[in-house]
Amino acid sequence: MDFKKLTRQMDEPTRRSFMMRMASTFLGVSILPQMMPAQVQAARSGKSSKNNSSPVNVIYLYMNGGMSHIDTLDPKPGTDVQGPTQVINTNVKGIKVGEHMSNFAKHADKTAILRGMSSTQGAHEQAYYLMHTSYAAIGTINHPSIGTWIMNMQGRTNTKLPGNIVIGSGYKSSGFMQPNLGPLIIGDPNKGLQNSKLPRNVNDEQFNRRLKLASRLDRTFSNRYRQPQVKAYNDMYNDAITLMQSQDLATFDLNKESKNVRNLYGNNSFGQGCLLARRLVQNNVRFVEVSLTGWDMHDDMFTRGTNLIPKLDQALGALLTDLTTLGILDRTLVVLATEFGRTPKINANQGRDHYPKAFSCMLAGANIQGGQVIGKTDANAANVETDKVTIADFNATIATAVGLDVQDVIMSPSQRPFTVANKGKPIPGIFTT
Amino acid sequence: MNGSLLQRIMHPKSILVKKVKTANKGTDKLKIVWMSILTRNPTASETSLIQEELKKVSQSDSYQDIVWALINTREFMFVQ
């Protein structure tokens, strides 16, 4: 161990940033920010929590890079734009999807396919930001994603676990909202929550002694500086300790699942991430984002699609099967989102380029009416002909399904008004009546 | 909180442990620990608190506890 090097490195950043990094490495968290009791949050948002015994939780599957609509949810059989991807039937008469979506095809009766999606952003970063926040990326403010909105407006249900989680990559900022509402990041689903156990040579008794000692040594300082940041860190520590000593910690452990179930989701980080997401929402975590990257197929799209689309299909199929079997699909909203579609015209490199004008997303579970397609593109999947859905509308639909009021205004610290879906309207006819 | 850094700091060959070992008096040892972590000397009340603590458990254990406790104080986190 090169200790000298370590101490030298420690001199450079400020002690606080060092500590932040320490927290993120040791607790596996950037952290535990959001661990504040639900009641407190409800009080802050000025609303009593509706005491709904089973609020809707969200599994947000994000296809990073731009998912080709023609090869997945909006095929155009018999046209030039279709390319080599075959088309298959689903379990709903008249709804067809791309051939690699065969597991999903067995669940079309539970899903609402949105073929009228349309975005205004055609570059990854801006489109990604818009999809996650409903707002255009601008320099003067950073917007929160919908998971953070849920934490702000409704709060946690299970107060022992964090309420907003990103598995692998995802939208990690809490925007202008308090950092403790933002997502907890789990790097690798297979490893679960890192550093949440005591070191091997430390027992509970010693740990408690240490905590007591720290709090006694701390008294003078904490009393002298009663600042929100100090308070927030205190809360964070207390929540981290609660979690460390809680049974719920096992929620993060995928080894608790049988080999069969694990295989069902696919032995890749997206599949295992979806399984972890299922375990988390089962334990009333409010919002979990899992991403699948690799959709930016400017070249060799059909070979790459053959490898990638089945990963989505397998995990999504397993997830919908599992949520149904467990009886929690009606309180779980499954979202399939992406920043844009891909060009109908196949380019010279057998690829498809960015195409925000028309693409597809999917919603399932909660009070979404299954077995339907909303929106229609023209013969070449190039223009939305009916029921166009903007990004704001899409997010307003998610927010409404979860029970957020899309009219509720929350002020940023700079006193600017924001709403959860930037004035979007829920998609008409998508909910069960 | 639970990571491997503390093990490194408390490693027999670490600078901190070596320095503490060379000090003879208990109060000098404390000064070294406080200086290393909080860059100030311990206050009288802190010194008495620690001396109380040292009576309870074995020496090596308690120094680990003290270092852990100091690193986990808000003072360490917030004072730059």
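User: What pLDDT does chain A average, and what share of its residues score at least 70?

Analyst: Start with confidence, since this is a predicted model. Chain A averages a pLDDT of 86. Of its residues, 83% score at least 70.

User: Where in chain A does pLDDT stay under 50?

Analyst: Read such stretches together with their contacts. Over residues 6-13 of chain A the pLDDT stays under 50, and the model has four contacts there beyond four places in sequence. Residues 24-52 of chain A are also below 50 in pLDDT. That stretch has 82 contacts in the model beyond near neighbours in sequence.

User: How many helices and strands are there in chain A?

Analyst: Chain A has twelve helices and 17 strands. Next, look at sequence separation. Take the contacts in chain A with a separation of 6 or more: 73% of them come from residues 24 or more positions apart.

User: What percentage of chain A counts as buried?

Analyst: The cut-off is under 20% relative accessible area. By that count, 57% of the 433 residues of chain A are buried. The accessible surface of the chain is about 18400 Å². Carbon and sulfur atoms hold 49% of that surface.

User: Is α10(A) mostly covered or mostly open?

Analyst: First, the general idea. An α-helix has 3.6 residues a turn, so residues three or four places apart point the same way. Now the case here. α10(A) is mostly covered, with twelve of its 14 residues buried. Among the buried ones are Phe270(A), Cys274(A), Leu276(A), Arg278(A), Arg279(A) and Val281(A).

User: What lies at the start of α10(A), and what follows the helix?

Analyst: At the start, Asn268(A) places a side-chain oxygen within 3.1 Å of the backbone nitrogen of Phe270(A). After the helix comes Asn284(A), with a positive phi near 65°.

User: Now chain B. How many helices and strands are in it?

Analyst: Chain B has six helices and zero strands. From the N terminus, its elements run α-α-α-α-α-α.

Definitions and conventions
Residues numbered from 1 in each chain as written. Chains lettered and ligands numbered in written order. Predicted model: local features only at pLDDT ≥ 70, side-chain atom pairs only at ≥ 80, totals over all residues. Heavy atoms only, no water. pLDDT = per-residue confidence, 0-100. Contact = heavy atoms within 4.5 Å. Helix = DSSP H or I, 4+ residues; strand = E, 2+ residues; numbered from the N terminus. Buried < 20%, exposed > 50% of the residue type's maximum accessible area, 1.4 Å probe, protein only. Areas by Shrake-Rupley, 256 points an atom, 1.4 Å probe, with all protein chains shown as cover. Polar contact = N/O pair within 3.5 Å; in protein donor to acceptor, adjacent residues only side chain to side chain.
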